[in-house]
Amino acid sequence: MADAAYLKSLLKPHPDFPKKGIVFLDIFPLLRNPVAFETLITHFVYHLTSTTIPRSPNKKIDVIVGLDARGFLFGPIIALRLGAAFVPVRKKGKLPGECTTVTYEKEYGTDSFEMQADAIQPGQNVVVVDDLIATGGSATAAGQLVKTLGGTVLEYLFIIELTFLKAAKRLDAPVYSIIQSDD
C-alpha cells in the first residue's frame with residue numbers, strides 16, 4: 001500500500017536506543033510533516049470506517065482509547081473524525097478522581113495503567129490506539145481496563161507492529177498496524 005511505504009520511509013531509526021541492541025523507530029518525523037500526519041490519520045480512519053465499523057455489532061465505535069503517551073497524539077483526532085469519545089489510559093497516579101488500575105508485566109518489570117472509572121460505559125465499543133506494539137503488555141492492560149468498565153474492544157490499532165515478537169496473538173481482539181517490522 002502506498003501510504004504504508006510513504007509513512008515507513010519517514011520513520012527515523014535510532015540504533016541502541018533506549019538500550020544497546022534495540023533499534024528505536026521514531027514516529028515524530030511523521031508529526032512534523034503535515035502531509036504525513038494527515039496520511040496517517042486518514043489511513044486509520046479509512047481502515048476503521050471500511051473494516052472495523054462494518055464488522056461491529058452496532059456498526060459504530062463509541063470510544064477511542066489512547067495509551068500514554070503517544071496514543072494521545074493521534075487518538076483524539078481519530079475520535080473526533082469518527083464522532084467518538086476519547087479516553088486516555090495513563091500511568092498510575094496521573095489521572096484525577098476515581099480510577100480503575102491494572103498492573104502488567106513489561107520486559108524489565110511491572111507497571112500500572114489507570115483509566116477514570118466513569119470513562120467507559122457498559123456495552124460501549126472501543127478501539128485502543130498506540131504508536132507501537134512490541135510485547136503487547138501495555139495494550140493487554142488497556143484491554144483489561146476496558147473490560148473491567150464493561151466495554152468491548154473491537155480492535156487494537158498501531159502505527160508500527162514488531163511482528164517477530166508475536167504480541168498480536170496475546171490480545172483479545174484483532175490488531176491492525178500500518179507498518180510491520182520483522183527486526
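**Close-up views of a predicted model**

**View 1. Helix H1 passes helix H3 in a left-handed crossing.** The model shown here and in the views that follow is predicted. Helix H1 covers residues 2-10, and its axis comes within 10 Å of the axis of H3, the two crossing at roughly 135°. This angle makes H1 oblique to H3. From H1, the residues that take part in the contact are Asp3, Tyr6, Leu7 and Leu10; from H3, they are Val35, Ala36, Thr39, Leu40 and His43. Sorted by class, this contact between H1 and H3 comprises six nonpolar, two polar and one charged residues.

**View 2. Helix H3 also meets helix H4, here in a right-handed crossing.** Helix H3 spans residues 34-55 and helix H4 spans residues 71-82; their axes come within 10 Å and cross at roughly 50°. The two helices are therefore oblique to each other. On the H3 side, the contact is made by Phe37, Glu38, Ile41, Thr42, Phe44, Val45, Leu48, Thr49 and Ile53. On the H4 side, the residues are Leu73, Phe74, Ile77, Ile78, Arg81 and Leu82. The contact of H3 with H4 holds 11 nonpolar residues, along with two polar and two charged ones.

**View 3. An open sheet is built from seven strands.** Their order is S5-S6-S4-S3-S7-S8-S9, and the pairing is mixed. Strand S5 (99-106) and strand S9 are the edge strands; each has a single partner strand, so one side of each is left without a neighbour in the sheet. From one strand to the next, the twist averages 20°. Helix H3 lies across S7, S8 and S9, and runs at about 145° to S8.

**View 4. Strands S7 and S8 pair in the parallel sense.** Strand S7 is formed by residues 125-133, and eight bridges link this strand to S8. Within this pair, Val127 stands opposite Glu155 of S8.

**View 5. Strand S3 is mostly covered.** Five of the five residues of S3 are buried. In a regular strand, side chains alternate between the two faces of the sheet. In S3, Val63, Val65 and Leu67 point one way, whereas Ile64 and Gly66 point the other way, and all are buried. Strand S3 runs parallel to strand S4 (residues 85-91), and five bridges join the two.

**View 6. Two cis peptide bonds are shown, one ending at Pro18 and one at Ala69.** Most peptide bonds are trans. The bond from Phe17 to Pro18 is cis, with omega near 5°. Pro18 belongs to the loop between strand S1 (12-15) and strand S2 (23-26). The bond that joins Asp68 and Ala69 is likewise cis, and its omega is about 0°. Ala69 is placed in the loop that lies between strand S3 (63-67) and H4.

View 7. Most residues other than glycine have a negative phi. Lys59 is part of the loop between H3 and S3. Lys166 lies in the loop between strand S8 (152-162) and strand S9 (175-181). The relative accessible area of Lys166 is 48%, which makes this residue partly exposed.

**View 8. Ala167 is a buried residue of the loop between S8 and S9.** The relative accessible area of Ala167 is 3%. When residues up to four places away in sequence are not counted, Ala167 touches Ile133, Ala134, Thr135 and Gly136. Ala36 lies 131 residues from Ala167 along the chain, and the C-alpha atoms of the two are separated by 26 Å. Ala36 is also one of the H3 residues that meet H1.

Notes: Residues are numbered from 1 along each chain as its sequence is written. This is a predicted model: local features need pLDDT of at least 70, side-chain atom pairs count only at pLDDT 80 or more; totals for chains, interfaces and linings use all residues. Side-chain values use heavy atoms; hydrogens and water are left out. Axes are lines fitted to C-alpha atoms, for helices over the stretch in contact, and angles run from 0 to 180 degrees between N-to-C directions. Helices (H or I, at least four residues) and strands (E, at least two) are DSSP runs, numbered from the N terminus. Angles under 35 degrees count as roughly parallel, over 145 as roughly antiparallel, 65 to 115 as roughly perpendicular and the rest as oblique. A crossing is left-handed if the near helix is turned anticlockwise from the far one by less than a right angle, and right-handed if clockwise. Contact means heavy atoms within 4.5 Å. Ala, Val, Leu, Ile, Met, Phe, Trp, Tyr, Cys and Pro count as nonpolar, Asp, Glu, Lys and Arg as charged, and the others, Gly among them, as polar. Buried means under 20% relative accessible area, exposed over 50%, partly exposed in between (1.4 Å probe, protein chains only). Two strands pair if DSSP finds at least two bridges between them.
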